[in-house]
Amino acid sequence: MSRFLTFPRGGVHPGDMKDLSKDSPIKTLETPAELIISMSQHLGAPAVCQKAKGDRVRKGELIATAASFISANIHSPVSGTITDIRPVTLANSVCCDAVFIKPEPAEDDPTFDTKGYASLSGEELLGIIKDQGLVGLGGATFPVNVKLTVPIGKPVDFLVLNGVECEPYLTADYRLMLEHPRAILDGAMIISKIVNPGSIIIGIEANKMDCVAVLEDEIRKAGYPIKVAPLKMKYPQGDEKQLLKAVTGREIPSGKLPIDIGSIVCNVGTVNAIQQAVAFGKPLFERVVTVTGNCVRNPGNFLAPIGTKIRDLIEAAGGLVEEPDKLISGGPMMGFSFWDLDTPITKGTSGILALKYKGRQQRQTHCLHCGKCVAACPIGLEPTMMYNLITSGDYAGAMAHDLMDCKECGSCSFSCPAQLPLVQTFRLGKKMGRAKK
């Protein structure tokens with residue numbers, strides 16, 4: 001029997017394409033000439049800007065406050081002057097207000113010194129996490145303080161750290177685990193103080209066994225009660241539903257959350273940011289971004305200020321060797337296509353891909369009724385049925401066939417020989433179904 005864990009149903013095996021950037025250590029991006037700080041870079045309501053055009057801001061200063069319970073504070077990544085506040089369109093097609101900042105040298109830039117936090121209560125730690133604007137860095141951008149606020153009467157049996165990074169091309173989490181293992185482990189113990197889990201597990205796919213070795217060595221040195229679970233390479237192993245099934249054996253019921261099965265899942269990038277916020281008082285104003293693809297001259301991983309234009313990241317990676325057929329924010333399976341290189345990154349931007357298609361492209365045909373999408377779905381849904389219902393305008397019928405359980409992982413689209421736009425159709429169906437309801 002294989003020693004690698006995995007989820008039991010569906011999944012696909014795209015080429016991981018990580019060799020392009022996995023050997024590139026994290027480099028700190030030089031401060032760009034202009035930053036564009038979006039007010040909507042988290043799940044929930046956009047933040048409310050507290051600044052005006054012409055205001056000077058300092059690095060780490062609060063510039064926008066959470067607008068509701070599901071929202072997050074936003075801080076300036078640099079010292080400089082606000083030159084404009086106007087709407088922009090993000091890579092995920094969201095249109096929202098943004099603060100344009102021209103960075104300027106500042107002698108009084110704050111330094112984030114180590115702070116004592118051993119005596120802090122869980123409630124105080126949650127307050128720090130909320131104040132520093134932390135959101136999930138795995139893609140969902142859910143406010144971390146909300147995720148770690150455990151309802152009364154719901155014990156946390158498992159705290160699972162997600163180091164899977166199963167999307168092809170992306171290596172930001174891989175480099176974080178290799179280069180900052182102790183910070184991630186310390187972050188896990190900070191979370192542990194808040195949620196008091198029965199056990200702590202880090203899930204890592206088999207193509208990152210060097211990370212497994214590094215983390216296990218650090219765990220031994222620190223004496224932390226943390227286990228590392230090597231996982232079989234299978235997409236979408238990093239989805240929390242599949243990850244929890246693999247490492248705990250528990251399955252999240254339809255319409256429920258991880259906490260309903262006694263679990264909390266945090267991406268390793270998020271855990272690293274928690275350690276930075278609590279131990280150093282550092283807001284979430286920068287993150288590691290993978291810049292890669294067969295059109296990028298020198299693919300790599302960059303610690304970039306939030307609000308950096310994608311153009312500046314690509315230039316830092318040596319520029320483009322040829323005009324790409326597609327630009328993607330995130331991974332190729334669940335990311336968003338965009339076209340404007342002046343689009344800014346947000347807290348949720350894990351990667352930038354510039355891809356050129358090689359060989360002849362297949363054309364879209366009618367559904368072949370082959371069943372490959374059904375076999376690939378890790379949730380056990382019927383993509384063909386949902387697709388037909390949505391394209392015929394029966395949104396209520398699609399909702400009745402568990403459309404809202406779809407995680408939009410792209411496994412069905414990847415396996416479809418007819419090249420049907422399944423995921424895009426499901427996104428439309430959800431939007432129309434909610435509107436009709």
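Reader: Which residues touch the most other members of the largest nonpolar core?
Author: In this predicted model, Leu 148, Leu 161 and Ile 274 touch the most other members of that core, which holds 45 residues. Helix α4, residues 181-195, supplies the largest share of the core, namely seven residues.

Reader: What makes such a set of residues a nonpolar core?
Author: Its members must be buried residues of the nonpolar kinds, joined through side-chain atoms within 4.5 Å. In soluble globular proteins, nonpolar side chains tend to be buried together.

Reader: Which residues does Leu 161 touch, not counting those up to four places away in sequence?
Author: Leu 161 touches Ile 184, Ala 188, Ile 200, Ile 201, Ile 202, Gly 203, Cys 266, Val 268 and Val 271.

Reader: What makes helix α6 largely enclosed by the rest of the structure?
Author: Helix α6 spans residues 240-248, and seven of these nine residues are buried, so the helix is described as largely enclosed. The buried residues are Lys 241, Gln 242, Leu 243, Leu 244, Ala 246, Val 247 and Thr 248. Their cover includes the strands β9 (158-162), β10 (199-205), β11 (226-231) and β12 (263-267).

Reader: Why does Glu 218 count as buried?
Author: Buried means under 20% relative accessible area. Glu 218 has 16% relative accessibility, and therefore counts as buried. This residue lies in helix α5, residues 209-222. Leaving aside neighbours within four places in sequence, Glu 218 is in contact with Pro 181, Arg 182 and Leu 185.

Reader: Why is Ser 40 called buried?
Author: The value for Ser 40 is 15% relative accessibility, and the limit is under 20%, so the residue counts as buried. Ser 40 is placed in the loop between β2 (35-38) and β3 (48-49). Apart from neighbours within four places in sequence, the contacts of Ser 40 are Pro 46, Leu 90, Val 94 and Cys 96.

Reader: Why does Glu 323 count as exposed?
Author: A residue is exposed if its relative accessible area is over 50%. Glu 323 has 62% relative accessibility, so it counts as exposed. Its place is the loop between α8 (310-316) and β15 (326-329). Leaving aside neighbours within four places in sequence, Glu 323 is still in contact with Cys 295 and Lys 356.

Reader: How far apart are Glu 323 and Asp 131 in space?
Author: From C-alpha to C-alpha, Glu 323 and Asp 131 are 42 Å apart, with a separation of 192 residues in sequence.

Reader: Ala 140 and Thr 141 both belong to the loop between α1 and α2. Is Ala 140 buried or exposed, and is Thr 141 buried or exposed?
Author: Ala 140 has a relative accessible area of 56%, over the 50% limit, and is therefore exposed. Thr 141 has 9%, under the 20% limit, and is therefore buried. Ala 140 and His 42 are 98 residues apart in sequence and 7.7 Å apart in space, C-alpha to C-alpha.

Reader: Which peptide bond is cis?
Author: The bond from Tyr 235 to Pro 236 is cis, with omega near 5 degrees. Pro 236 is found in the loop between β11 and α6.

Reader: How do you know that the charged end of Lys 234 sits over the ring of Phe 7?
Author: One part of the criterion is that the charge be within 6 Å of the ring centre. The charged end of Lys 234 is 4.2 Å from the centre of the Phe 7 ring and is classed as sitting over that ring. As for aromatic pairs, a search of the whole structure finds zero.

Reader: What lines the second largest pocket?
Author: The second largest pocket is lined by 21 residues, and Leu 176, Asn 272, Lys 282, Val 288 and Leu 303 lie nearest its centre. Two or more lining residues come from each of β1 (26-28), α3 (172-179), α7 (268-280) and β13 (286-292). The volume of this pocket is about 370 Å³.

Conventions. Residues are numbered from 1 along each chain as its sequence is written. This is a predicted model: local features need pLDDT of at least 70, side-chain atom pairs count only at pLDDT 80 or more; totals for chains, interfaces and linings use all residues. Side-chain values use heavy atoms; hydrogens and water are left out. Buried means under 20% relative accessible area, exposed over 50%, partly exposed in between (1.4 Å probe, protein chains only). Helices (H or I, at least four residues) and strands (E, at least two) are DSSP runs, numbered from the N terminus. Contact means heavy atoms within 4.5 Å. Rings of Phe, Tyr and Trp (its six-membered ring) pair if their centres lie within 6.5 Å; planes under 30 degrees apart count as stacked, over 60 as edge-to-face and the rest as tilted. A charge sits over a ring if NZ of Lys or CZ of Arg is within 6 Å of the ring centre and within 35 degrees of the ring normal. On a 1 Å grid over the protein atoms alone, a cavity is a set of points where a 1.4 Å probe fits but cannot get out, and a pocket is an open set with protein on both sides within 12 Å along at least five of seven lines; lining residues have an atom within 4 Å of a point. Grid points are joined across faces, edges and corners, and a volume is the space filled by probe spheres set on the points.
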